[in-house]
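I opened the notebook to record what I looked up in this structure. The entries follow the order in which I went through it.

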Amino acid sequence: MKIIGINSSPRGKESRTRRLVEAVLEGAGGEGAETEFIDLCDLRIEYCTACGTCYISGECIHDDDFAWIFEKMLEADGIVLGSPVYLYGVTAQLKTLLDRMADAVHCQMFEGKYGCAVSTAGGAGEDEVVAYMNRMLNLLGAVAIGGVGVAIGADIEALVPAGANAERLGHDLASAIRERRSYPEQEGRVAELREHFRNLVTWNRDLWRHEYDYWVEKGRIERE
Ligand SMILES: Cc1cc2nc3c(=O)[nH]c(=O)nc-3n(C[C@H](O)[C@H](O)[C@H](O)COP(=O)(O)O)c2cc1C
């Protein structure tokens, strides 16, 4: 079982969010998972230009570190997303990565994967940011098993109980993967999204050839 944790704070080892991502990985490691921490800000990832080349060919026009991290995500059974709250959203670095994944969304490439999210805030917004990251996991076809968000304020000690919760989340993530745990309510939402993208790719089949071929090869639709 492979689980990767991606932190998107630009503060490197000083990042408080990093501590939560690492705590999740520690918990998962305790359940026997092979874990890897990735600092997104060590990578060079260009903006999506909306050219649509990936829909057509599966290739991106950019030659940067996206292919490397995307391969890591594809290989993983579990994905932990981490972001500090930046103006009630995720960091630009994480958003830039997610924007590059529209092809993966259309193809529902994360079907069968599990994930979770962690966030820290100065004062507020951590729950919205955790919910956003988990929603993105759903959009990619994965099941999100939970999250930990903490508003730290003036009390850095708030990270201690949050870290303990994050470690428990890591245990839970690994257990969910091992058991292929079912989340009926979320699976309904994921199934609705899959149906939406199945229709979208079918309507665009003459242009989005790579995506149509992907769905056909996965046996999810019959070639028309
Ligand atoms: C550009 C920027 C925007 C921020 N926006 C918010 C915000 O909207 N709400 C908030 O509570 N904290 C905000 N913060 C504070 C961070 O969320 C907080 O310090 C967080 O714990 C930093 O995490 P890190 O140590 O992992 O980088 C912001 C910080 C920066 C640099």
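Before starting, I noted the cut-off I would need: a residue is buried when its relative accessible area is under 20%. I also noted that this is a predicted model.

Entry: glutamine 108. I looked up where glutamine 108 sits and found it in the loop between α5 (102-106) and β4. Is glutamine 108 buried or exposed? Its relative accessibility is 0%, so I wrote it down as buried. I then looked for a partner of its side chain. A polar atom of that side chain lies 2.8 Å from the backbone oxygen of valine 105. Setting aside neighbours within four places in sequence, I listed the contacts of glutamine 108 as Leu139, Leu140, Gly141, Val190, Leu193, Arg194, Phe197, Trp215 and Arg220.

Entry: the ligand. I counted 15 residues surrounding the ligand. Which of them are the closest? They are Ser9, Ser15, Thr17, Val85 and Gly123. I sorted the shell by class and got 7 nonpolar, 6 polar and 2 charged residues. Both α1 (16-30) and β4 (114-121) supply at least two residues of this shell.

Next I looked up distances to oxygen atoms of the ligand. For arginine 11, a polar side-chain atom lies 2.8 Å from a ligand oxygen. For valine 85, a backbone N or O atom lies 2.7 Å from a ligand oxygen. For tyrosine 88, the distance from a backbone N or O atom to a ligand oxygen is 3.4 Å. I also noted the area: the ligand taken alone exposes 650 Å², and the protein buries 72% of that.

Entry: helix α1. I checked the length of α1 against its residue count. With 15 residues at 1.5 Å a residue, α1 should span 21 Å, and its end C-alpha atoms are 22 Å apart, so the two agree. What caps the N-terminal end of α1? Serine 15 does, with a side-chain oxygen 3.2 Å from the backbone nitrogen of threonine 17. I noted that Ser15 and Thr17 are also among the closest residues to the ligand.

The buried residues of α1 are Thr17, Arg18, Leu20, Val21, Ala23, Val24, Leu25, Gly27 and Ala28. I found them packed against β1 (2-7), β2 (34-39), β3 (78-84), β4, β5 (143-151) and α7 (159-179). Just after α1, glycine 32 has a positive phi of about 95 degrees.

Entry: helix α7. I did the length check again for α7. It has 21 residues and reaches 30 Å from its first C-alpha to its last, close to the expected 30 Å. I listed its buried residues, including Leu159, Ala162, Gly163, Ala166, Leu169 and Gly170. Against which elements do the buried residues of α7 pack? I wrote down β1, α1, β3, β4 and β5. Arginine 180 follows α7 and has a positive phi, near 50 degrees.

Entry: tyrosine 212. I found tyrosine 212 in helix α9 (residues 209-217). Its relative accessibility is 5%, so I counted tyrosine 212 as buried. Not counting residues up to four places away in sequence, tyrosine 212 touches Val201, Thr202, Arg205, Ile221, Glu222, Arg223 and Glu224. Last, I looked up its separation from arginine 168: 44 residues in sequence and 40 Å in space, C-alpha to C-alpha.

Notes: Residues numbered from 1 in each chain as written. Predicted model: local features only at pLDDT ≥ 70, side-chain atom pairs only at ≥ 80, totals over all residues. Heavy atoms only, no water. Near = heavy atom within 4 Å. Polar contact = N/O pair within 3.5 Å; in protein donor to acceptor, adjacent residues only side chain to side chain. Areas by Shrake-Rupley, 256 points an atom, 1.4 Å probe, with all protein chains shown as cover. Helix = DSSP H or I, 4+ residues; strand = E, 2+ residues; numbered from the N terminus. Nonpolar A, V, L, I, M, F, W, Y, C, P; charged D, E, K, R; others polar. Expected span 1.5 Å × (residues − 1). Buried < 20%, exposed > 50% of the residue type's maximum accessible area, 1.4 Å probe, protein only. Contact = heavy atoms within 4.5 Å.
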